[in-house]
Amino acid sequence: MPLWLKITTGVLSVALVGALAFAGFWFLRLQGNLSKAPLNAGGGNNESVSDATGRMQILILGSDTRDGKNAEYGTADDSRGYGKSDVMMLMDISADNKRVSVISFPRDLLVDIPECKDEETNQTYPARSGVMINEAMAEAGIGCAVDTVNRITGLDVDHFMMADFNAVKELSNAVGGVDVCISDAVFDPDSRLRLPKGTSAVQGEMALAFLRTRHAFADGGDLGRIKAQQGFLSSLTRKIKDEGTLSDPGKMLKIADVVTQNLTVDEGLASVPTLLTIGNRLKDIDISKVAFVAVPTTPALLDPNRLQIAEPAGSQLFSALREDIDLTDPTAPPTPTETTAPPTAAPSETAPPVPAYDKALQPVTVANGTGVPGRAQEIVQALIGGGFTQTGQFEATAVEQSVVYYGTGYADVAADVAALLGIPAAQMLPAPAVSGVQVYLGTDFTSGATYGAPAALPENIVNQTAGDTLCQQANPMLIVEG
């Protein structure tokens, strides 16, 4: 073998070994960084989803734990058990990798938490009603937060990612800061946020303060905080996109290293190749198709200092998510075809006219046989809007076809209820055992308030897209000079 060939072969061999060693080092390092936890806390979603194709939903959580590097933000008593979710966002990636929706849940939102089992201790915690959503994972772990979101939305979340305070600081440092804009100079002593009017590049402690501040924006409530978080993520998305970070192995390794050191994921995400595959899915998405949304809310009846889901807007949003509707599409959904009540025979000359009835006095119940938890709520709201205010609802055995059952003397009420919901007259049946009218929803009526119509979307549901540059409105109480 010629000397030059021996030298070339030796150099290539050394380079190959070096490359393999480098790749192996980073694989083991990143893999070792990851912490794992069960996806669910009560059975739940056991189906696997393709990492590269197919629709995927990832619940993103920010933990308020004060352990380890987070001790400076409070004591361990401030975050009992597994800690509360300081941030809760559901990221929904479309099957064609052309759009992403990010749905924020306010931490003050009162919800029903299902029965959850702590997979580490095998202790089961009973279901609770009217509890702040950020408490879902405090006792039974992250899987209980996933189960709670599944219950609220009727979806099956595929994965979760939970990061702590330190992850925010390290990520913002790794990308060289994130630009944020604010209408006036503010100072919030609780979060330590101090920013001048206009645009500032925040990183490290100041980035964390911007995301954590409870009082600095809007009226000092959780909704202003959510919009600020969405503005931060929009800016971060633009920066990563503009700098080609997702296509640069060196930059990706740097970010992956700092993030995975502060990240807990489910078993399905607990591998470096899986995380890289998901990152690859996101790199070509148009930023105008990255939609940031907040769950519609209203002050809670039980506690005006807390929030509850606003209806019917909340049910409309969750129906649209289940139907995989593009939330950024400005085109209004098609107007549903109006369905009239079944024709009735003309009264004879001697028959007395049928007296009008009072809708508000007619008992109408909704049986949810769709298989979608909470589905009955939107139909109840539609009935109330149509004047049928004496309503009730309950979960029922799943059936394929929706039917309107009516008791003796309620045929005319049933016809009006069916017409209001667009259910065909052929799907009205007498049922002497029913007191009043019962709308039994089937798997053919899983979304919307009109049978057979596409799911409607609440107006202005998208707060912003990643392509929008918005300034946050400062809370007048925290505005400072300068």
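A charge is said to sit over a ring if NZ of Lys or CZ of Arg is within 6 Å of the ring centre and within 35 degrees of the ring normal. The model examined here is predicted.

Q: What makes R194 a residue that lies over the face of F187?
A: The distance from the ring centre of F187 is 4.0 Å, and the limit is 6 Å. R194 therefore counts as lying over that face.

Q: How do you know that the charged end of R212 sits over the ring of F165?
A: The charged end of R212 is 4.8 Å from the centre of the F165 ring. The criterion asks for a position within 6 Å, so the description applies.

Q: Why is the aromatic pair of F210 and F232 called tilted?
A: The planes of F210 and F232 are 35 degrees apart. Stacked planes are under 30 degrees apart and edge-to-face planes over 60, so this pair is tilted. The centres are 6.3 Å apart, and the pairing limit is 6.5 Å. F210 belongs to helix α5 and F232 to helix α6, 22 residues apart. Both F210 and F232 are buried.

Q: Why is the aromatic pair of F445 and Y451 called edge-to-face?
A: The angle between the planes is 90 degrees. Edge-to-face requires over 60 degrees, and the pair therefore qualifies. The centres of F445 and Y451 lie 5.3 Å apart, and both residues are buried.

Q: What makes helix α3 mostly covered?
A: Of the 12 residues in α3, 11 are buried, including C144, V146 and I152. Buried means under 20% relative accessible area.

Technical notes:
Residues are numbered from 1 along each chain as its sequence is written. This is a predicted model: local features need pLDDT of at least 70, side-chain atom pairs count only at pLDDT 80 or more; totals for chains, interfaces and linings use all residues. Side-chain values use heavy atoms; hydrogens and water are left out. Buried means under 20% relative accessible area, exposed over 50%, partly exposed in between (1.4 Å probe, protein chains only). Helices (H or I, at least four residues) and strands (E, at least two) are DSSP runs, numbered from the N terminus. Rings of Phe, Tyr and Trp (its six-membered ring) pair if their centres lie within 6.5 Å; planes under 30 degrees apart count as stacked, over 60 as edge-to-face and the rest as tilted.
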